[in-house]
Amino acid sequence: MAARTLTIDGRLVSARAGESILEAARDAGIHIPTLCYLEGLSEMGACRLCLVEVTGSNRLLPACLTPVSEGMEVHTATERLREHRRAIVELLFAERNHVCAVCVASGNCELQNLAIRVGMTHVRYDYLNPVCAVDISHPQFGIDHNRCVLCARCVRACDEVEGVHTWDIAGRGVNARVITDLGVPWGEAESCTSCGKCLLACPTGAIFRRGTSVAELERDPKRIALIVASRQERW
Amino acid sequence: MSKTIVIDPVTRIEGHAKISIYLDEAGEVAGARFHVTEFRGFERFCLGRPFWEMPAITARICGICPVSHILASAKAGDAILSVRVPPAAEKLRRLMNLAQIIQSHALSVFHLSGPDLFLGFESDPAQRNLFGLIAAEPELARKGIELRQFGQELIERLGGRKIHPAWAVPGGVRHGLEDADRAAIAAGLPAARATVLETLARFKGMLDRFADEVASYGRFASLFLALTNERGTWEHYDGQLRVMDSQGHILSDRVPPEEYAEVIGEAAQDWSYLKFPYYRPYGFPEGMYRVGPLARLNICRSFGTPLADAELVEMRRRAGGGPVTASFYYHYARLIEILGSLELIERLLDDPDLRARRLRAEADVNQLDAVGCSEAPRGALFHHYRVDAYGLLTYVNLIIATGQNNLAMNRTVTQIAERYLRGGRLDEGLLNRIEGGIRAFDPCLSCSTHAVGMTALTVRLHGPDGRILDEVMR
């Protein structure tokens, strides 16, 4: 496969043609924050945390969806990007009801880690304090919409890896919610195989195992990529 | 002219409060009120949460007695699951509750009330605080702080952290006690015991000088409520409710905690966020009862450990026999409870059950209505939950020790004002005495103000004879 040479943050990096800026950066050991991206799933560009500056483009581009090109000059950590990322994380916190102190995922949460990484000391926006339901009708799992960031990793894991597409997103904007089947309680979603891949994929405590108490959630999202890779090898 | 005297804020208690004293035309005390001015709202905002999150959520009610809420909540969860927790889990929970009682009582005796007790109620207010105590009595203050540390570290060794350890869960506990931690706890026992024995001796030596305070800091007849067990010894974790009057007559006995509503009613007043629980058969406000260290020691036949029992016999003798009615003796009772808790910890550490692997019973929702009750340092604590078929909370009622002492605290404030108010003028000494009287109960207001809509939302239509003609509640 043809190689492409580009610079990321002033460093010369070589990448395969068709590879995304995010993959090229990670291969080179350059960290770009992400939330909706999960290795093993298709890219979606939903969270906008991986936005980068590319010389010659006025727009900020999502690193996960932008392919590398020859001679490309990428900046991943400018002041402008840092400010954008902090704002995005703050907006995620403002949009739902995230209470780390009593959350099952505390200490094992990508949103919490992001807040620390982007240096969020407080939220500058008014909290929306939406009334969000908790659905624990499934015999093994629960979904707490208070903690959902709409990254759609559960939707993609369910569709692309398990192949059943129990999960989807309904509604628009701040009213968007992940749903099971056509908006029925999870326990009544007949397509669900109870495989738990949505739990593996979830970056926060939104999807959890029933009975889990604070900071007790154990799951490794990397297992999604492992499942995908193992399956390809077998075929 | 009638006059109102206000103390705002009351200091060295856990939370925010103010006190009003009402004088009549003649300048005599007509009444006094202890207003709790802060509001928490847990009973409302926990609705809709899964019940298994409640130990961690309700732990956040308080930084001093989170363990009490964790245990009462986990016990309510046990009842929803309809499980009996594994023996090791129950004993480990008991161990943590004893540590909690020690650290909380040490905080009350040394940090909060210590300046009053050891420097004097009328001593220089600029010095009458923990730092003043450290300056005047460095050894005593250091040992007191170390005693609290002993309790806090035991909690940390069990739960992973000193404050808000989310360790007890519905069905049991999350992890056990390592041998190294057990040894470290045992190693700390002798120094802790020496401190409490020394402080008890010193307190008893001062008691005669405090005769006036003993007589006026809330000494009155009231009922007492606490948990008790089959053996009649001091109980702090499980058991059944007993209500006793100040002559020692047992009015209600062997009441299972889930039937608490048979004995406890809850009233609200529009001038305080703190509810006013009362003994239901006697009505409000005649059903005033006290909970906490003094109530527990009045209600138990014996403590059940040799050193604490010797002290309990002496305390009862000093108080004239029969149930102790002087609230000043809460301090005394706290010291005896610390001593007995240390003895019980020593006994528990040797229990081979603690080494068992099985720590958590597993089940799903089997009961939709459940009560968890344990003795918090300040008194009996109730968590009452109702859940839907999946386990989402539809009703939460928390009955907190401080609330149960509310009527008695108001009576105490009035009694102190009657005794020490002179010439309708406030002096520093009176203010401090009122605060000191309140501190005997070690109130925790952050713990105890949770209901939404309990205050001022009951409308009653009274007839000329005081009879209630109509009542509307929201």
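Chain A is divided into domain 1 (3-77) and domain 2 (103-234), with bounds that come from an automatic or database domain assignment. This is a predicted model, in which local features need pLDDT of at least 70 and side-chain atom pairs count only at pLDDT 80 or more, while totals for chains, interfaces and linings use all residues. Residues are numbered from 1 along each chain as its sequence is written, and chains are lettered from A and ligands numbered from 1 in the order in which they are written.

**Domains of chain A**
- The C-alpha centres of domain 1 and domain 2 of chain A lie 25 Å apart.
- In chain A, 11 residues of domain 1 are in contact with 20 residues of domain 2, two residues being in contact if their C-beta atoms, placed from the backbone, lie within 7 Å.
- The side of domain 1 of chain A that touches domain 2 of chain A comprises 8 nonpolar, 2 polar and 1 charged residues (Ala, Val, Leu, Ile, Met, Phe, Trp, Tyr, Cys and Pro count as nonpolar, Asp, Glu, Lys and Arg as charged, and the others, Gly among them, as polar).

**Contact between chains A and B**
- The contact takes 10 residues from chain A and 14 residues from chain B.
- On the side of chain B that touches chain A, helix α2 (residues 54-59) of chain B gives the most, with 3 residues; helices (H or I, at least four residues) and strands (E, at least two) are DSSP runs, numbered from the N terminus.
- The residues of that side of chain B divide into 9 nonpolar, 2 polar and 3 charged.

**Sheets**
- In chain A, an open sheet of 3 strands has the order β6-β7-β10, with antiparallel pairing, where two strands pair if DSSP finds at least two bridges between them.
- Because β6 (134-135) and β10 (207-209) of chain A each have a single partner strand and stand at the edges, one side of each is left without a neighbour in the sheet.
- Strand β7 (residues 141-144) of chain A pairs with β10(A) in the antiparallel sense over 3 bridges, and A:G142 stands opposite A:F208 in β10(A).
- In chain B, 4 strands form an open sheet in the order β8-β7-β6-β11, and the pairing is mixed.
- Strands β6 (residues 223-228) and β7 (residues 240-244) of chain B run antiparallel and are joined by 5 bridges, with B:L225 opposite B:V243 in β7(B).

**Helix α16 of chain B**
- Of the 12 residues of α16(B), 9 are buried, that is, 20 or more other C-beta atoms lie within 10 Å of their own, with C-beta atoms placed from the backbone.
- The buried residues include B:L430, B:I434 and B:I438.
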